[in-house]
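Hi everyone, thanks for making time today.

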Amino acid sequence: MATAPQFPGLDFGDKFRFWPKHNEKIYERLEAKHAWIEEKRAAQGDGGVPATEWSEEDPLENEMILNMGPQHPATHGVLRCVVKLDGETIEKAVLDIGYLHRGIEKLAESKTYQEFMPYTDRMDYLSPYSNNVAWCLAVEKLAGIEIPERAAWIRMIMCELARISSHCLWLGVGLMDAGAVSGFLWTFQQREDIYSIFDEVAGARFTVSHARIGGVASDLTPRSFELIRAFCDSFREELASWQKFLNRNRIWIERNKDVGRITKEEAIELGMTGPNLRGSGVEYDVRRFEPYLKYDEVDFTIPIRDEGDCLARYFLRLEEMEQSIRIIEQCLDRMPEGPIRADDAKQAYPSKDEVYYSMEGMIHDFMYTDVGTQAPKGANAYHAVESPKGELGFYLTSDGTGRPFRVRINAPSFTNLQGMEYIMEGSLVADTVVIIGSIDPVMGEADK
Amino acid sequence: MPGTPVNTKTDNERELNFWENLYFPELFKGLGFSLNKITDEPTYTLQYPEEQWYPPDSYRGRPVLVEENGRPRCVSCNLCARACPPLAISMQSQEVDNVKEREPEWFEINMLRCIYCGFCEEVCPEEAIIMSKEYDMTFQSRDEAVFGLDRLLKPKEQMQDRLEYLDQYKNRQFGQQWDFQQDNNLHSVKDQHFLDWLADEGMKGLKNTHLRDDPKASSGEQSWGSQREEPAFSEHAPE
Ligand code: SF4
Ligand code: SF4
């Protein structure tokens, strides 16, 4: 009997067992990390011995490594925080992301620009409409497509609704993290109303996929106008009642005040974006500094706070919701009648009337589905929008076919997470949930 | 100036006065807020399986095929399968002897893959596949989730709501006007009227197979396969 040949590579050992190696690396990184907090303590010169050396017996005063997540309800999805505790203080923290990685940047390369749109819904799944719009705007910039005015106004209304919806979730979950479970239900009721609007406008409550390259998919029905107006009125009242209740609530304020503080310089250096950046006093909002759609034509303010802690971000987000309502109302008043997609078969789908009843229309329909928008060869474009979480941008490279050569997504949750290790270090372990809530990352977007 | 950044901080928003600092009143205020919601507001939720939610016409439920006069409207052009992002649709075409000439022999949508995006409806040149209002589907096995013609076909009459919605808000011509007539859509050599007319004119029917000389004719400039080349870098997007 012949002996089995000795294949050198049959036992791969731990070569392909990703997890243990990864885990080891995480702990290594935690150990090797430069804990600025020690340095700070030394610089402040309180000169005392580090807590760990005080006592050998009391476990609370010993260092401990704690894994929070990935399946932790307060981590907003699947974020794993490995923290090294010194008593109750977090000395070092390492974040481990990637538990929701789906590789959508790579997926985009095998999809036409139009086909990729539903995938953007699933990035920041708390405000899918903003992602749709960000993607469409980037492609439109790349291919030089003009969208009709009505489509721009529709997109704006829906984007602002998405912002409110996302902030409602942030508030509800924030309240729940801080112990007020029923608060979650009140904000979710408002989100439900927004979902009904999305349902009426786009046809789906969650994954809307309503924006299209060159415009939007369908026109607003009279009922959706009614719903949006009714929501604006009722939400104003509801928001006021939340403010009345929370703004002077000792429990809420003490839970948030001076927690998770980032100074202006730190915020810029860490690359924070969105409300986290504005909460630290940096006046940056893409809607104002690089107005897209019709944001330069409506009147609204951008709330700013200087303190940079969770409380500042709370006030700021509540005010942002107010401003969103203002924007929506102006959009409703100013929305003109007109086409909802670009009237050029190389840039957007023709209307179905045309497809059904004319030969050219049908050919356009087939060509646009199969080949899609063809951006010029070698074109590059970056377009960012102010999504509820911050600056959401798509960088596209075209090779002249209907599919992007490369897509790079600048996701606000990902950038915001960069600052989180830094913020967590030095805070109390009980505050982590509040901090995560207040930074408001969405893992679908951070992991892409 | 639109979008002015303002620090809207009010004076004492971060400081509480003595009364607000008392702990217990806050607890009761919180309870009061919830109680108020419980008593004053009408019930917002549905007792789901007993009470069913009826979606609006714009709702994108599971895709169905429209059946008209006992036949599917579908001409099996495969465009929906091409447009479907998660590749949920597959079909086999066959030739039939009516005006439409083609029909699906079988047509399958894998409902486990479908993401209810509505792209199939949006691209279909025959309005043959549309989104229904059905949203609660359960399967006992994976095979059961692959819907064939038997479960996909729905008579046109049952889908009137959706068809009307599409007609009103989705299909409307927005650009240049065409003179639309339903007949424009028939380009068939199996149309009996057309054949009769040909016979009247003294022609004996048409050959209905046309082979292209060069089936692979294309400029050959763009590669769609795996060997895609990176384009030359240019600094700016074209305006
Ligand atoms: S696009 Fe319409 S006509 Fe074509 S195969 Fe699909 S359902 Fe049939
Ligand atoms: S709804 Fe979307 S995913 Fe479902 S079959 Fe149609 S195109 Fe495919």
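Let me start with a term: helices (H or I, at least four residues) and strands (E, at least two) are DSSP runs, numbered from the N terminus. Counted that way, chain B holds seven helices and eight strands.

Two housekeeping sentences before we go on. What you see is a predicted model, where local features need pLDDT of at least 70, side-chain atom pairs count only at pLDDT 80 or more, and totals for chains, interfaces and linings use all residues. Residues are numbered from 1 along each chain as its sequence is written, while chains are lettered from A and ligands numbered from 1 in the order in which they are written.

How confident is the predictor in chain A? pLDDT is its confidence in each residue, from 0 to 100, and chain A averages 83, with 89% of the residues scoring at least 70. Over residues 47–55 of chain A, though, pLDDT stays under 50. Where pLDDT is low, the predicted coordinates should not be read in detail.

Back to chain B. I call a residue buried if 20 or more other C-beta atoms lie within 10 Å of its own, exposed if 12 or fewer, and partly exposed in between, with C-beta atoms placed from the backbone. Of the 239 residues in chain B, 21% are buried.

Now, how do the chains meet? Two residues are in contact if their C-beta atoms, placed from the backbone, lie within 7 Å. By that rule, 64 residues of chain B are in contact with 77 residues of chain A. On the chain B side, α2(B) gives the most, with seven residues. As for classes, Ala, Val, Leu, Ile, Met, Phe, Trp, Tyr, Cys and Pro count as nonpolar, Asp, Glu, Lys and Arg as charged, and the others, Gly among them, as polar. The side of chain B that touches chain A then has 29 nonpolar, 18 polar and 17 charged residues.

There is strand pairing across the chains too; strands pair if DSSP finds at least two bridges between them. Here four bridges join β6 (residues 301–304) of chain A to β1(B), and the two run parallel. Pro303(A) stands opposite Val6(B) in that pairing.

Next, the ligands. A residue is near a molecule if its C-beta atom, placed from the backbone, lies within 6 Å of it. Ligand 1 has around it, among others, Cys74(B), Cys77(B), Cys80(B) and Cys124(B). Its shell has nine nonpolar, two polar and one charged residues. Around ligand 2 there are 14 residues, of which Cys84(B), Cys114(B), Cys117(B), Phe119(B) and Cys120(B) come nearest. That shell has 13 nonpolar, one polar and no charged residues.

Why is helix α17 (residues 432–439) of chain A largely enclosed by the rest of the structure? Because eight of its eight residues are buried, including Val433(A), Ile435(A) and Gly437(A).

Is Ala240(A) buried or exposed? Ala240(A) is exposed, because there are 12 other C-beta atoms within 10 Å. Its C-alpha atom is 9.5 Å from that of Leu318(A), 78 residues apart along the chain.
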